[in-house]
Amino acid sequence: MAHVDLLIRNVSWQDRDCDLLVGDGKVVELADAGTAQAPEARVVDGGGLTVLPSLIDAHVHLREPGQEYKEDIASGLSAAAGGGFGQVMAMANTSPVNDTASVTRLMLQKAVQAFPNGPWVRPVGALTVGLAGKELAPAGELFRAGCVALSNDGVPVENTELFRRAMEYAADFGLKVIDHCEDPWLGRGGVMNEGEISGRLGLKGVPTVSEAMQVARDILLASYLNLPVHLAHISCRESVELIARAKERGVPVTAETCPHYLLWDETRVGNYDTSVRVNPPLRTRDDVLALRQAVRTGVIDILVTDHAPHAAHEKEVTFADAPNGISGLDTALSLTYELVRSGELDFADIARLWCWRTADIFSLPANRMQPGDPADFVLFDPDLAWVASAEALLSKGKNTPCLDKEVPGRVMAHYLGGEKVFSR
Amino acid sequence: MNWRHKDLLEISQLSPAEIGHVFETAARFAEVNQRPIKKVPILKGKSVVLFFAEASTRTKTSFDMAGKRLSADTFSLAKSGSSLQKGESLKDTALTLQAMNPDAIVIRHWDSGAARFLAERLECSVINAGDGWHAHPTQALLDGFTLSRVWDSFEGKTVCILGDVAHSRVARSDVELLTMLGARVRVCAPRTLLPAAITTWPVEVFSDVGRACAGVDAVICLRLQLERQQAGLLPDLREYAGIYGLAPRHLEKANPGVKIMHPGPMNRGLEIASELADCGASLILDQVAAGVAVRMTLLHLYLTRSRVSA
Ligand SMILES: [Zn+2]
């Protein structure tokens, strides 16, 4: 038997009581509870908590370099550690934009300085220089510096020819293109879902077809080029239906959505609540139901937070003036667990949606609870509710509709490579 | 009637009984406005800030006059030419206003929800004088009051709102008020100037002006913002005037005694034929007079409200 230096006794994995054995930073075995023998090992009592693979978030905004008052890499990673995320893919819309190796390297350095044992930043390079949509960013240089994907997230690429060439060029480095699907004209100036409520509130709307139009474009390109494309933060039924049909035909398309699109609809805008202003906007109840089904059935492959921290004063403005985004890393697992409690998902879905499938899509390491996997895991207490107060949130961004509300389930400890990176 | 509302943000906050009370009180103030000396002392010592972030001579003057006739002190705070330059957040503006400790703030702002934003942060009354595309409750009340002077009841009456409903706070507030009082409401505009979910509104939708005006008792023309053409919502203004501008021929099948209204300022010859604006059926100048009486009423009600509850 392999060397064991850490033994976590008495944890629950998918309704089974286990002992988790770790050696040299890797999973050695998940043994039946009480059966493990490891006289040399440090023993930790898991107290019956749920063990989950450390989560991967394929879509976060860490704001550094350039907007450290909203978040910096250290504060973002501490929210990741406490939220159960071992790897976070940081979008390129920093200032300067992550379109050169020097910015990528800076991000990686800052991350290792703050958290030498992880969580790990996996930078996403810009698709076009400065996200301007005019010329291709140097995908090869970005790849060599450590970028794991490319995206113009935040700024839709208007030029379809350029988008096609980006997909082709990136493919040579095995880099996936993540597209922020938004027709640059249909949604221009819109601040919430176009419909009954935008009409009543007198706010400019973004129609669902603005997203679905680009989803259709990307699927057609992926099919024509036989190259993969990953669709970011899908929010509506039309997109889900297009993706489902494309997958049936074998088009190499993958997609993500966020907990907020699974939980809340446009009625949350209520009386101009800027904490729910996101892009794409919260849609209707029908869209929420379509997304839940898509997540259960795998039509939507993965969950991401689209963690978008903002300073408090930036959201304390009129709805039209407020920036888009919800700070998500601290609360993502609790919000997903709400769907487990209501019977929509189970813990196996959480492992799939927040880790395994994400690792497949972006070729990242993951703990599948098999011998030899990295010992990246979370001890989660499903019975512990907590209040998402400003003090409790580790991100600098307190901009969440959960602020000061009770949410279920809490990360009690987080291990990466067998090292404890967080505990409460 | 004990007035218990702190703020006036949109018509849906009011009940039909409260709207009736506004009309009755406004009728008394309208009478005051006919006297040789139009000033009464009921708001002496009260201060009202007129905060017009978006220009509007007409509404601002109307509120200013209303306040002065009730002996309140009115202070104007324009967005430009004051310390409240562009760049200062609305929150800081609110705190600045609060520090001046006024009794009421009348706000006009280009953002929907701006009046509510202030109301949530200020202890004084906030009266919405138009926020973005959202609401213009005092205009709706003066429109309703104007019609109440010529109609015994709103029941059985049909009103057509003609023009750019999508971007009109007047239309939103008028629809709420008129339907609440029992009138049937129609809207008529090219599809590009109707909001996305117009089918969920309590209105009948028309695209043909003549048909929309058949059997109506009043037509409310909306002002067309000329930049809608540049925004790609209209082909050209000449075509708009020819097809959607209210002309005498459109009123041939209207009910006898049909009234014509416009919140102003008008683009004569564009959304309304000039002769209709000036004809005997026009209530456009009555609306202006009603505006002062209704705003006197509102200042009176909100500044002397009972503070027992919100
Ligand atoms: Zn995005």
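Biologist: Is His180(A) buried or exposed?
Modeller: Buried, with a relative accessible area of 4%; buried means under 20%, exposed over 50% and partly exposed in between, with a 1.4 Å probe and protein chains only. Keep in mind that this is a predicted model, where local features need pLDDT of at least 70, side-chain atom pairs count only at pLDDT 80 or more, and totals for chains, interfaces and linings use all residues. Side-chain values use heavy atoms, leaving out hydrogens and water.

Biologist: OK, and what coordinates the zinc ion?
Modeller: Asp153(A) through OD, His180(A) through ND1 and His233(A) through NE2, at 2.0 to 2.3 Å. Donors here are N, O and S atoms within 2.8 Å of the metal (3.2 Å for Na, K and Ca), and water is not among the atoms, so sites may look incomplete.

Biologist: How are the donor residues spaced in sequence?
Modeller: The pattern is D-x26-H-x52-H. Asp153(A) is buried too, at 4% relative accessibility.

Biologist: Switching topic: how many salt bridges over all chains?
Modeller: The count is 31, taking a side-chain nitrogen of Lys or Arg within 4 Å of a carboxyl oxygen of Asp or Glu.

Biologist: What does Lys247(A) meet in a salt bridge?
Modeller: Asp301(A), at 2.6 Å from N to O. Lys247(A) is partly exposed at 25%, while Asp301(A) is buried at 3%.

Biologist: And which side chain does Glu54(B) pair with?
Modeller: Arg169(B), at 2.8 Å, N to O. Glu54(B) is partly exposed with 23% relative accessible area, and Arg169(B) is buried with 13%.

Biologist: Which residues do shared partners join into one network?
Modeller: Lys247(A), Asp301(A), Arg357(A), Asp360(A) and Arg368(A).

Definitions and conventions. Residues are numbered from 1 along each chain as its sequence is written. Chains are lettered from A and ligands numbered from 1 in the order in which they are written.
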